[in-house]
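Dear colleague,

Please find below the structure I am handing over to you.

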Amino acid sequence: QITTLINHKDKPKRSDKTLQAIQRVGQAVNLAVGRFVTVGEAIANENHELKEEMSVACIEARRAGETIAQLTDVASLDHPESDSHITIFTDKTGVVKAARLLLSSVTKVLVLADRIVIKQIITSRNKVLATMEQLEKVSSFQEFVQIFSQFGNEMVEFAHLTGDRQNDLKDEKKKARMAASRAVLEKCTMMLLTASKTCLRHPDCESARINKDGVFHRMRLALEQVIEIVTDSRPNGESEMAPISIYSGIREFKNKVEGLRENLYFLSKENLSTMLEVILEHTEDFTDSAYTSHEHREHILELSKQAKMELEQLVSVWMQAQNQKTKDLMEDLEVAILKTCQCMNELKREVHSAATSLAADLLKYHTDHMVLKALKITGVEGNLEAVAEYTCKLSEQKEQLVEMCRLLRHVSGTEPLEITCIHAEDTFQVTGPQIISAAETLALHPSSKIAKENLEVFCEAWESQLSDMSLLLREINDVFEGRRGEKRVYLSLPRPGKHNANLKALKPVKLDTEEQAKIAKLGLELHLLTSDVDSETEKWEDQENEIVQHGQGMSSMAYSMYLFTRGEGLLKTTQDLFHQAEIFATEGTKLASALHALSDQVQDDKPLLLLEAEKLISMCKQLQITAKASAQGKSATFTKVDACILKTRNVMTLLCQLLPLCCKLLRKASTWFICTILKFWVLFGWVVYLLVFKKSFLCIYTQNKEGNGCLKPAPPWKEDRIRAGTSTRTPERRVETFGIKSLENHVTNMTFLESK
């Protein structure tokens, strides 16, 4: 809008439409500045140390906005040039000055606000560090639990602040470094918990202490790196050393060589020779590696020799062309440039093949995690010799994976992927020894559940990193083959062509900032609903219940869709979102089937439950139809995205109502079942009691009928002893025992369960 005003051309004739348009633009600028300044003033009031600077910048911005509004207030003037009122037509330099002042003051406000954000992150980091120091010094479980609870809250706050900052970063390299540091902090939080508990449980165990110290040290390094990225500074004023890879070296070398076509004098032959030497020096990482195959090693050495020869030929022709620019020499120079670039391309292809084939073989070989499983088993058995044997094998595996990461870094193709490779290398370097110390602790204390849990956590981190390496390898291959940016397969998303024949014709689209802002409200509602669903599922005693499982799955998918509205998460394109919506709808249909099964078990509210289940099926079908419908063009795609998220929100709203209803009905059903069993046992007890009483009465009556039982002679002592011994095993006695004593105990238990 400001550019429109400044570039406005003075014309002798100005229509009313032109005057009104100019006034509207000036008013719009003033209103926008007013809103912006209001936010700036609110920030100033919350941060007293920068209040004065922020207030001055806000006042300058407001004044500039008002000046622009005054200078563009021309709609009511029929002859503005003859009026004493100054306007854009009589004082265009005034508009330019006001615009410059406005842009300067707005920039100042933004810079000050950014300083406040940086300060918030630093303050949050300092809180985390202070709490970590307390955690290191605790000596009792009770104290540890209290401090760790505080530490968890501080880490959540730090994660939110750094996550927002990561999204705001424009530099992809910094963004990748921030993501790596945040990943370390996320994984180390769980490691810190189990490692500290193990150390508290076994305070005299040296391996447990080493394990815990390693976690704390790594977290401090990650926190420090986050601050370096946020403040754009290095400790002690050191300059950041960019990782040099073969790919980046070849790219720069080829640019210089091809630049000779335009200018023969812009660099010296020594510069080119030095650049090639650096590249060939890095190829020694491949030729010296014990894991590079013989064929790859031979090819790399041959291409290195050929590259030197091609450069010598190029330099020779280049020097001649500098002295004498003939047509033949320029043609020879072009041929030499093409040959040199072709040789470098072949070298690039060869090192890529060597690195990726090694990575694929290693990842396939270690996918069964046999060493980790063996460490867990031998640790629980307390077999120190076997643990020592498998720790050696794990160390060998660590060296292989570290070497793989180093070689992949050379062929990663982009700076963010290079940083990811460096992060993976550091993870394997650190996690390997930590697994070993955790295994040694378990072997020394094989009955310790805490030590076992600690080893599990570190093993899971190792397995997770191996899984991440598989994804990284695919990313590197995509970059090499020019497929960077195409849709990838994420988690539960179906593969293109396998589940839907029309997917190949659809081009994945990303939402721009304006579109994300439009669906932000829907996304926020979806986020709140996922929280409600999660809280409802936590109330269920039986977490393995089919309804709970489907509900949790739907909540997880809805959360991924919410992250998509923020431009985060694993759903990168609109096509990813539509796939996720289809799977969400399928999961909802499965939940409806589970609700039908539940309706057969309940007595009350059965019609209501069936009605809600049918409503859920209808909503899921509508969502599936929307997700599968074709959309051509940006506007149609955005409308489809909006409809999918809206329908997902409606399903989640219904799910929030269904979960408590199902929980209540299940409790009623279980209570009714218990009461029915209780009534049955009471009735059965009375029947048994009456049968026993009737039989006893008949026996007495029969004896009296035959003769007075009390006048009958007593049986011999031996016969009496036999009867006494066998009477305890008579059916009558067994029935009486089961019918009275056991029934009393059973009733007591049922009453207790019902009250519970």
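Please note that the model is predicted. I begin with helix α13, which spans residues 384-410 and holds both E389 and K393. E389 is partly exposed because its relative accessibility, 43%, falls between the limits of 20% and 50%. K393, at 37% relative accessibility, is likewise counted as partly exposed. These two residues form a salt bridge, with 3.9 Å between the closest N and O atoms. They are four residues apart, or about one turn of the helix.

A second salt bridge joins the side chains of K398 and E399, at 3.4 Å from N to O. Here E399 is partly exposed, with a relative accessible area of 40%, whereas K398 is buried at 13%.

R406 and E403 also pair in a salt bridge, their closest N and O atoms being 3.8 Å apart. Because R406 and E403 are three residues apart in helix α13, about one helical turn separates them. R406 counts as partly exposed at 36% relative accessibility, while E403 counts as buried at 15%. In total, the structure holds 20 salt bridges.

Turning to the cysteines, the count of disulfides is zero. C343 takes part in no disulfide, and the nearest cysteine sulfur, that of C341, is 10.0 Å away. C343 is buried, with a relative accessibility of 2%. C58 is buried as well, at 0% relative accessibility.

With kind regards

Terms used. Residues are numbered from 1 along each chain as its sequence is written. This is a predicted model: local features need pLDDT of at least 70, side-chain atom pairs count only at pLDDT 80 or more; totals for chains, interfaces and linings use all residues. Side-chain values use heavy atoms; hydrogens and water are left out. A disulfide is a pair of cysteine sulfur atoms within 2.5 Å. Buried means under 20% relative accessible area, exposed over 50%, partly exposed in between (1.4 Å probe, protein chains only). A salt bridge is a side-chain nitrogen of Lys or Arg within 4 Å of a carboxyl oxygen of Asp or Glu. Helices (H or I, at least four residues) and strands (E, at least two) are DSSP runs, numbered from the N terminus.
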